[in-house]
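This report describes selected parts of one model. Please look over the sequence and the structure before reading on.

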Amino acid sequence: MRTVTVARIRDIDIRLHPTFALVFLWVLIDWRRIGAGVGISSVVFTLILVVLIFACVLLHEFGHAFMARQHGVRVHDVSLSAVGGVARMEQLPADPRAEVLIATAGPAANFAVVVALAPIVLLIGVMSEFSSLEDYATTVFHPSVAGLATTLLYANVLIIVFNLMPAFPMDGGRIFRAGLTTVLGRETGTRVAVLVGEALAVVLLLFSIFVAQSVILVLLSVFVMIVAYGEDRAVRVESAMRRMRVGQFALWDMGGIAPDQPLTTALRGGLRDIAVTKDGRVVGMLWRNRLLAELGGTPNGRTVAEVMERDPITVDADMPIHDVQRLMEGHGRWAVPVLEAGMYRGIFTGDRFLHIYRQLSPDPARSVRELLDRGPLVRLRG
Ligand SMILES: [Zn+2]
(Lines give C-alpha, C1' and ligand atoms only; values in the text may rest on other atoms or scores of the structure.)
Protein backbone atom coordinates (compact mmCIF):
# COMPACT_ATOMS: atom_id res chain seq x y z
CA MET A 1 0.00 0.00 0.00
CA ARG A 2 2.04 2.94 -1.26
CA THR A 3 1.09 6.58 -1.19
CA VAL A 4 0.64 8.45 -4.47
CA THR A 5 1.86 11.99 -5.09
CA VAL A 6 -1.02 14.12 -6.34
CA ALA A 7 0.32 17.66 -6.08
CA ARG A 8 3.24 19.73 -4.90
CA ILE A 9 3.21 23.03 -3.02
CA ARG A 10 6.49 24.93 -2.60
CA ASP A 11 8.59 21.78 -3.02
CA ILE A 12 6.51 19.72 -0.60
CA ASP A 13 4.75 16.74 -2.16
CA ILE A 14 1.14 16.08 -1.24
CA ARG A 15 0.58 12.33 -1.14
CA LEU A 16 -2.56 10.27 -0.76
CA HIS A 17 -2.64 6.93 1.04
CA PRO A 18 -4.86 4.29 -0.62
CA THR A 19 -7.07 4.24 2.51
CA PHE A 20 -8.03 7.83 1.65
CA ALA A 21 -10.36 6.37 -1.03
CA LEU A 22 -12.22 4.51 1.76
CA VAL A 23 -13.58 7.81 3.05
CA PHE A 24 -15.44 8.41 -0.20
CA LEU A 25 -16.56 4.80 -0.32
CA TRP A 26 -17.91 5.28 3.20
CA VAL A 27 -19.86 8.39 2.13
CA LEU A 28 -21.50 6.42 -0.68
CA ILE A 29 -22.25 3.33 1.46
CA ASP A 30 -23.63 5.50 4.24
CA TRP A 31 -25.88 7.17 1.72
CA ARG A 32 -27.14 3.79 0.44
CA ARG A 33 -27.77 2.70 4.03
CA ILE A 34 -29.81 5.78 4.86
CA GLY A 35 -31.71 5.01 1.66
CA ALA A 36 -34.61 6.71 -0.04
CA GLY A 37 -34.94 9.59 2.40
CA VAL A 38 -31.64 11.07 1.26
CA GLY A 39 -31.50 13.13 -1.91
CA ILE A 40 -28.59 13.42 -4.30
CA SER A 41 -27.99 16.96 -2.99
CA SER A 42 -27.22 15.51 0.42
CA VAL A 43 -24.60 13.17 -1.03
CA VAL A 44 -23.01 16.01 -2.99
CA PHE A 45 -23.04 18.11 0.20
CA THR A 46 -21.30 15.34 2.16
CA LEU A 47 -18.68 14.87 -0.55
CA ILE A 48 -17.93 18.62 -0.67
CA LEU A 49 -17.80 18.68 3.13
CA VAL A 50 -15.36 15.74 3.28
CA VAL A 51 -13.10 17.37 0.68
CA LEU A 52 -13.13 20.68 2.59
CA ILE A 53 -12.44 19.02 5.95
CA PHE A 54 -9.47 17.18 4.47
CA ALA A 55 -8.33 20.50 2.99
CA CYS A 56 -8.32 21.85 6.56
CA VAL A 57 -6.31 18.83 7.73
CA LEU A 58 -3.89 19.53 4.87
CA LEU A 59 -3.66 23.16 5.96
CA HIS A 60 -2.88 21.96 9.48
CA GLU A 61 -0.01 19.79 8.22
CA PHE A 62 1.34 22.58 6.05
CA GLY A 63 1.30 24.79 9.15
CA HIS A 64 3.72 22.29 10.74
CA ALA A 65 5.70 21.85 7.52
CA PHE A 66 6.34 25.54 6.80
CA MET A 67 7.23 26.31 10.41
CA ALA A 68 9.58 23.31 10.49
CA ARG A 69 11.26 24.55 7.34
CA GLN A 70 11.78 27.95 8.94
CA HIS A 71 13.74 26.13 11.63
CA GLY A 72 15.94 24.40 9.11
CA VAL A 73 14.14 21.03 9.20
CA ARG A 74 13.81 19.33 5.83
CA VAL A 75 10.21 18.35 5.06
CA HIS A 76 9.76 15.25 2.90
CA ASP A 77 6.05 15.30 2.19
CA VAL A 78 2.57 15.68 3.59
CA SER A 79 0.24 12.72 3.23
CA LEU A 80 -3.45 12.14 3.82
CA SER A 81 -5.00 8.83 4.79
CA ALA A 82 -8.40 7.79 6.12
CA VAL A 83 -7.22 8.48 9.68
CA GLY A 84 -5.88 11.99 9.04
CA GLY A 85 -2.80 13.80 7.86
CA VAL A 86 0.91 13.32 8.47
CA ALA A 87 3.82 15.68 7.75
CA ARG A 88 6.98 13.64 7.32
CA MET A 89 10.09 15.54 8.19
CA GLU A 90 13.66 15.07 9.25
CA GLN A 91 14.36 14.78 12.93
CA LEU A 92 13.01 17.81 14.77
CA PRO A 93 15.41 20.11 16.58
CA ALA A 94 15.75 19.08 20.24
CA ASP A 95 15.42 22.79 21.10
CA PRO A 96 12.11 23.00 23.02
CA ARG A 97 11.27 26.49 21.70
CA ALA A 98 11.42 25.30 18.09
CA GLU A 99 9.41 22.20 18.98
CA VAL A 100 6.66 24.33 20.53
CA LEU A 101 6.52 26.65 17.50
CA ILE A 102 6.38 23.75 15.02
CA ALA A 103 3.75 21.88 17.03
CA THR A 104 1.61 25.00 17.52
CA ALA A 105 1.69 25.99 13.84
CA GLY A 106 -0.72 23.15 12.93
CA PRO A 107 -3.60 24.09 15.25
CA ALA A 108 -2.84 27.77 14.51
CA ALA A 109 -3.67 27.13 10.84
CA ASN A 110 -7.08 25.74 11.87
CA PHE A 111 -7.57 28.69 14.18
CA ALA A 112 -7.07 30.97 11.16
CA VAL A 113 -9.85 29.06 9.38
CA VAL A 114 -12.13 29.54 12.42
CA VAL A 115 -11.39 33.27 12.45
CA ALA A 116 -12.14 33.47 8.71
CA LEU A 117 -15.42 31.53 9.02
CA ALA A 118 -16.74 33.17 12.19
CA PRO A 119 -18.04 36.39 10.53
CA ILE A 120 -19.79 34.33 7.82
CA VAL A 121 -21.46 32.08 10.38
CA LEU A 122 -22.43 35.11 12.50
CA LEU A 123 -23.91 36.83 9.45
CA ILE A 124 -25.94 33.70 8.67
CA GLY A 125 -27.09 33.68 12.29
CA VAL A 126 -28.16 37.32 12.17
CA MET A 127 -30.03 36.78 8.90
CA SER A 128 -31.77 33.67 10.28
CA GLU A 129 -32.49 35.48 13.57
CA PHE A 130 -30.68 32.86 15.68
CA SER A 131 -30.85 33.60 19.39
CA SER A 132 -28.81 30.79 20.96
CA LEU A 133 -25.89 28.41 20.32
CA GLU A 134 -28.42 25.59 19.85
CA ASP A 135 -29.88 27.48 16.89
CA TYR A 136 -26.44 27.44 15.29
CA ALA A 137 -26.00 23.76 16.16
CA THR A 138 -29.14 22.85 14.22
CA THR A 139 -27.46 23.97 10.97
CA VAL A 140 -24.48 21.61 11.46
CA PHE A 141 -24.64 18.93 8.74
CA HIS A 142 -27.56 20.70 7.12
CA PRO A 143 -27.10 20.44 3.32
CA SER A 144 -26.90 24.16 2.57
CA VAL A 145 -24.27 26.90 2.32
CA ALA A 146 -25.04 27.90 5.90
CA GLY A 147 -24.68 24.27 6.98
CA LEU A 148 -21.36 24.02 5.16
CA ALA A 149 -19.98 27.09 6.95
CA THR A 150 -21.11 26.05 10.44
CA THR A 151 -20.02 22.42 9.98
CA LEU A 152 -16.57 23.52 8.78
CA LEU A 153 -16.21 25.88 11.72
CA TYR A 154 -17.28 23.10 14.07
CA ALA A 155 -14.84 20.65 12.43
CA ASN A 156 -11.92 23.06 12.79
CA VAL A 157 -12.71 23.66 16.47
CA LEU A 158 -12.73 19.86 16.94
CA ILE A 159 -9.39 19.51 15.12
CA ILE A 160 -7.88 22.18 17.40
CA VAL A 161 -9.24 20.68 20.64
CA PHE A 162 -8.33 17.13 19.64
CA ASN A 163 -4.77 18.08 18.63
CA LEU A 164 -4.11 20.12 21.77
CA MET A 165 -4.77 17.07 23.97
CA PRO A 166 -1.60 16.82 26.10
CA ALA A 167 -0.76 13.29 24.91
CA PHE A 168 1.50 11.90 22.23
CA PRO A 169 1.12 11.81 19.25
CA MET A 170 -1.01 14.95 19.45
CA ASP A 171 0.57 18.36 19.05
CA GLY A 172 -0.48 19.11 22.64
CA GLY A 173 1.75 16.23 23.77
CA ARG A 174 4.75 17.81 22.05
CA ILE A 175 4.01 21.26 23.49
CA PHE A 176 3.61 19.69 26.94
CA ARG A 177 6.87 17.72 26.55
CA ALA A 178 8.73 20.85 25.44
CA GLY A 179 7.52 22.67 28.54
CA LEU A 180 8.65 19.80 30.77
CA THR A 181 11.99 19.57 28.91
CA THR A 182 12.99 23.07 29.95
CA VAL A 183 12.59 22.02 33.60
CA LEU A 184 13.37 18.28 33.65
CA GLY A 185 15.57 17.69 30.59
CA ARG A 186 14.48 15.90 27.45
CA GLU A 187 14.54 12.27 28.59
CA THR A 188 12.73 12.79 31.91
CA GLY A 189 10.43 15.39 30.28
CA THR A 190 9.39 12.83 27.69
CA ARG A 191 8.84 10.14 30.33
CA VAL A 192 6.53 12.40 32.34
CA ALA A 193 4.68 13.54 29.19
CA VAL A 194 4.26 9.91 28.15
CA LEU A 195 2.92 8.90 31.60
CA VAL A 196 0.40 11.77 31.57
CA GLY A 197 -0.57 10.85 27.99
CA GLU A 198 -1.03 7.18 28.95
CA ALA A 199 -3.16 8.15 31.95
CA LEU A 200 -5.28 10.37 29.71
CA ALA A 201 -5.66 7.52 27.22
CA VAL A 202 -6.81 5.17 30.01
CA VAL A 203 -9.42 7.71 31.12
CA LEU A 204 -10.48 8.14 27.49
CA LEU A 205 -10.66 4.35 27.08
CA LEU A 206 -12.88 3.91 30.16
CA PHE A 207 -15.03 6.84 29.03
CA SER A 208 -15.44 5.43 25.53
CA ILE A 209 -16.34 1.94 26.79
CA PHE A 210 -18.71 2.83 29.65
CA VAL A 211 -20.08 6.27 28.78
CA ALA A 212 -19.80 7.03 25.07
CA GLN A 213 -19.81 3.37 23.96
CA SER A 214 -18.00 4.45 20.82
CA VAL A 215 -15.80 2.01 18.89
CA ILE A 216 -13.95 4.88 17.23
CA LEU A 217 -13.05 6.39 20.62
CA VAL A 218 -11.86 3.00 21.90
CA LEU A 219 -9.59 2.60 18.86
CA LEU A 220 -8.36 6.17 19.30
CA SER A 221 -7.40 5.68 22.95
CA VAL A 222 -5.59 2.43 22.15
CA PHE A 223 -3.78 4.27 19.33
CA VAL A 224 -2.75 7.05 21.73
CA MET A 225 -1.37 4.48 24.17
CA ILE A 226 0.68 2.67 21.52
CA VAL A 227 2.14 5.85 20.06
CA ALA A 228 2.95 7.31 23.49
CA TYR A 229 4.85 4.13 24.28
CA GLY A 230 6.66 4.38 20.93
CA GLU A 231 7.64 8.01 21.57
CA ASP A 232 9.11 7.09 24.94
CA ARG A 233 11.11 4.32 23.26
CA ALA A 234 12.24 6.66 20.47
CA VAL A 235 13.59 9.24 22.92
CA ARG A 236 15.39 6.55 24.91
CA VAL A 237 16.92 5.14 21.73
CA GLU A 238 17.94 8.65 20.73
CA SER A 239 19.72 9.37 24.00
CA ALA A 240 21.45 5.97 23.84
CA MET A 241 22.67 6.88 20.36
CA ARG A 242 23.96 10.20 21.62
CA ARG A 243 26.10 8.28 24.12
CA MET A 244 27.45 5.60 21.75
CA ARG A 245 30.62 6.45 19.78
CA VAL A 246 30.85 5.41 16.16
CA GLY A 247 34.41 4.10 16.62
CA GLN A 248 33.10 1.10 18.56
CA PHE A 249 30.90 0.05 15.66
CA ALA A 250 33.21 0.64 12.68
CA LEU A 251 34.17 -2.42 10.65
CA TRP A 252 37.85 -2.75 9.81
CA ASP A 253 36.96 -4.35 6.45
CA MET A 254 40.55 -5.47 5.70
CA GLY A 255 41.74 -1.88 6.08
CA GLY A 256 40.00 -0.77 2.89
CA ILE A 257 41.50 -1.01 -0.58
CA ALA A 258 44.57 0.64 -2.15
CA PRO A 259 44.00 3.17 -4.95
CA ASP A 260 46.38 1.44 -7.39
CA GLN A 261 44.53 -1.90 -7.20
CA PRO A 262 42.58 -3.09 -10.24
CA LEU A 263 38.82 -2.64 -9.86
CA THR A 264 38.09 -6.38 -9.82
CA THR A 265 40.02 -6.68 -6.54
CA ALA A 266 37.27 -4.68 -4.87
CA LEU A 267 34.85 -7.58 -5.40
CA ARG A 268 36.84 -9.88 -3.10
CA GLY A 269 34.79 -10.22 0.04
CA GLY A 270 31.55 -9.28 -1.69
CA LEU A 271 30.00 -6.24 -3.32
CA ARG A 272 30.00 -3.32 -0.85
CA ASP A 273 31.06 0.29 -0.36
CA ILE A 274 34.78 0.34 0.40
CA ALA A 275 37.05 3.02 1.81
CA VAL A 276 40.17 3.64 -0.35
CA THR A 277 43.25 4.01 1.84
CA LYS A 278 46.90 4.83 1.27
CA ASP A 279 49.40 4.48 4.12
CA GLY A 280 46.50 4.23 6.57
CA ARG A 281 44.89 7.48 5.40
CA VAL A 282 41.53 7.66 3.62
CA VAL A 283 41.92 9.04 0.10
CA GLY A 284 38.54 8.09 -1.37
CA MET A 285 35.39 5.99 -1.36
CA LEU A 286 34.62 3.29 -3.90
CA TRP A 287 30.83 3.13 -4.12
CA ARG A 288 29.25 -0.18 -4.98
CA ASN A 289 26.90 1.28 -7.62
CA ARG A 290 29.85 2.95 -9.44
CA LEU A 291 31.74 -0.33 -9.22
CA LEU A 292 28.78 -2.27 -10.64
CA ALA A 293 28.35 0.23 -13.47
CA GLU A 294 32.06 0.01 -14.36
CA LEU A 295 32.30 -3.77 -14.21
CA GLY A 296 28.97 -4.23 -15.98
CA GLY A 297 30.49 -2.77 -19.16
CA THR A 298 33.33 -4.25 -21.14
CA PRO A 299 36.17 -5.54 -18.93
CA ASN A 300 38.79 -2.85 -18.59
CA GLY A 301 42.08 -2.41 -16.82
CA ARG A 302 40.95 0.53 -14.71
CA THR A 303 42.19 1.01 -11.18
CA VAL A 304 40.33 1.93 -8.02
CA ALA A 305 41.76 5.47 -8.13
CA GLU A 306 40.06 6.18 -11.47
CA VAL A 307 36.58 5.35 -10.21
CA MET A 308 36.65 6.36 -6.53
CA GLU A 309 35.17 9.51 -5.09
CA ARG A 310 38.01 11.75 -3.93
CA ASP A 311 37.97 13.50 -0.55
CA PRO A 312 34.85 11.76 0.77
CA ILE A 313 33.07 12.79 3.97
CA THR A 314 34.71 11.14 6.98
CA VAL A 315 33.81 11.08 10.66
CA ASP A 316 35.88 10.93 13.82
CA ALA A 317 35.73 7.78 15.96
CA ASP A 318 34.51 9.89 18.90
CA MET A 319 31.44 11.14 17.07
CA PRO A 320 28.12 9.90 18.54
CA ILE A 321 26.20 7.44 16.34
CA HIS A 322 23.22 9.80 16.45
CA ASP A 323 25.19 12.61 14.76
CA VAL A 324 26.82 10.23 12.26
CA GLN A 325 23.41 8.98 11.17
CA ARG A 326 22.12 12.52 10.66
CA LEU A 327 25.22 13.41 8.66
CA MET A 328 24.78 10.33 6.47
CA GLU A 329 21.10 11.05 5.94
CA GLY A 330 21.79 14.70 5.18
CA HIS A 331 24.34 13.80 2.51
CA GLY A 332 22.48 10.77 1.20
CA ARG A 333 25.38 8.43 2.09
CA TRP A 334 25.04 4.76 2.93
CA ALA A 335 28.59 4.41 4.31
CA VAL A 336 31.22 6.65 5.88
CA PRO A 337 34.89 6.01 6.76
CA VAL A 338 35.72 6.45 10.44
CA LEU A 339 39.05 8.03 11.41
CA GLU A 340 41.05 7.91 14.60
CA ALA A 341 43.71 10.62 14.87
CA GLY A 342 43.41 11.07 11.11
CA MET A 343 44.07 7.39 10.35
CA TYR A 344 41.54 4.89 8.91
CA ARG A 345 39.83 3.04 11.72
CA GLY A 346 37.06 1.27 9.78
CA ILE A 347 33.84 1.83 7.92
CA PHE A 348 30.40 2.61 9.33
CA THR A 349 27.42 1.69 7.15
CA GLY A 350 23.66 2.16 7.06
CA ASP A 351 23.33 -1.59 7.69
CA ARG A 352 25.31 -1.24 10.90
CA PHE A 353 23.11 1.64 11.94
CA LEU A 354 19.88 -0.29 11.27
CA HIS A 355 21.26 -3.23 13.21
CA ILE A 356 22.02 -1.05 16.25
CA TYR A 357 18.66 0.66 15.90
CA ARG A 358 16.78 -2.65 15.89
CA GLN A 359 18.79 -3.92 18.85
CA LEU A 360 17.86 -0.83 20.85
CA SER A 361 14.21 -0.70 19.91
CA PRO A 362 12.21 -3.90 19.56
CA ASP A 363 9.27 -1.57 19.25
CA PRO A 364 5.70 -2.72 18.49
CA ALA A 365 4.55 0.86 17.89
CA ARG A 366 7.07 1.20 15.09
CA SER A 367 5.51 -1.61 13.11
CA VAL A 368 2.12 0.07 13.52
CA ARG A 369 3.57 3.33 12.27
CA GLU A 370 5.32 1.57 9.41
CA LEU A 371 1.97 0.21 8.32
CA LEU A 372 0.82 3.78 7.85
CA ASP A 373 4.11 5.05 6.51
CA ARG A 374 7.72 4.21 5.83
CA GLY A 375 11.12 5.17 7.20
CA PRO A 376 12.32 6.02 10.71
CA LEU A 377 11.35 9.69 10.43
CA VAL A 378 9.64 12.01 12.80
CA ARG A 379 6.05 12.67 11.92
CA LEU A 380 3.50 15.06 13.24
CA ARG A 381 -0.04 13.82 13.18
CA GLY A 382 -3.02 16.01 12.55
ZN1 LIG B 1 -0.64 18.64 14.20
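## Strand pairing

Two strands pair if DSSP finds at least two bridges between them. The model discussed here is a predicted one.

Strand β5 covers residues 274-278 and strand β6 covers residues 281-286; the two pair in the antiparallel sense over 5 bridges. Within this pairing, Thr277 has Val282 of β6 as its bridge partner.

β5 and β6 form a hairpin, with 2 residues between the strands. In the turn, Asp279 has a positive phi of about 50°.

β6 is also joined to strand β7, residues 309-310, by 2 bridges, and these two strands run antiparallel. Here Gly284 stands opposite Arg310 of β7.

## Packing of α3 and α5

Two packed helices are described by the angle between their axes and the distance between the axes. For helix α3 (residues 96-127) and helix α5 (residues 145-163), the angle is about 150° and the axes are 9 Å apart. Angles over 145 degrees count as roughly antiparallel, so α3 is roughly antiparallel to α5. The crossing of the two helices is left-handed.

## Residues in the helix contact

On the α3 side, the contact is made by Pro107, Asn110, Phe111, Val113, Val114, Leu117, Ala118, Ile120, Val121 and Ile124. On the α5 side, the residues are Ala146, Ala149, Thr150, Leu152, Leu153, Asn156, Val157, Ile159, Ile160 and Asn163.

Sorted by class, the contact of α3 with α5 has 16 nonpolar residues, 4 polar residues and no charged residues.

Terms used. Residues are numbered from 1 along each chain as its sequence is written. This is a predicted model: local features need pLDDT of at least 70, side-chain atom pairs count only at pLDDT 80 or more; totals for chains, interfaces and linings use all residues. Side-chain values use heavy atoms; hydrogens and water are left out. Axes are lines fitted to C-alpha atoms, for helices over the stretch in contact, and angles run from 0 to 180 degrees between N-to-C directions. Helices (H or I, at least four residues) and strands (E, at least two) are DSSP runs, numbered from the N terminus. Angles under 35 degrees count as roughly parallel, over 145 as roughly antiparallel, 65 to 115 as roughly perpendicular and the rest as oblique. A crossing is left-handed if the near helix is turned anticlockwise from the far one by less than a right angle, and right-handed if clockwise. Contact means heavy atoms within 4.5 Å. Ala, Val, Leu, Ile, Met, Phe, Trp, Tyr, Cys and Pro count as nonpolar, Asp, Glu, Lys and Arg as charged, and the others, Gly among them, as polar.
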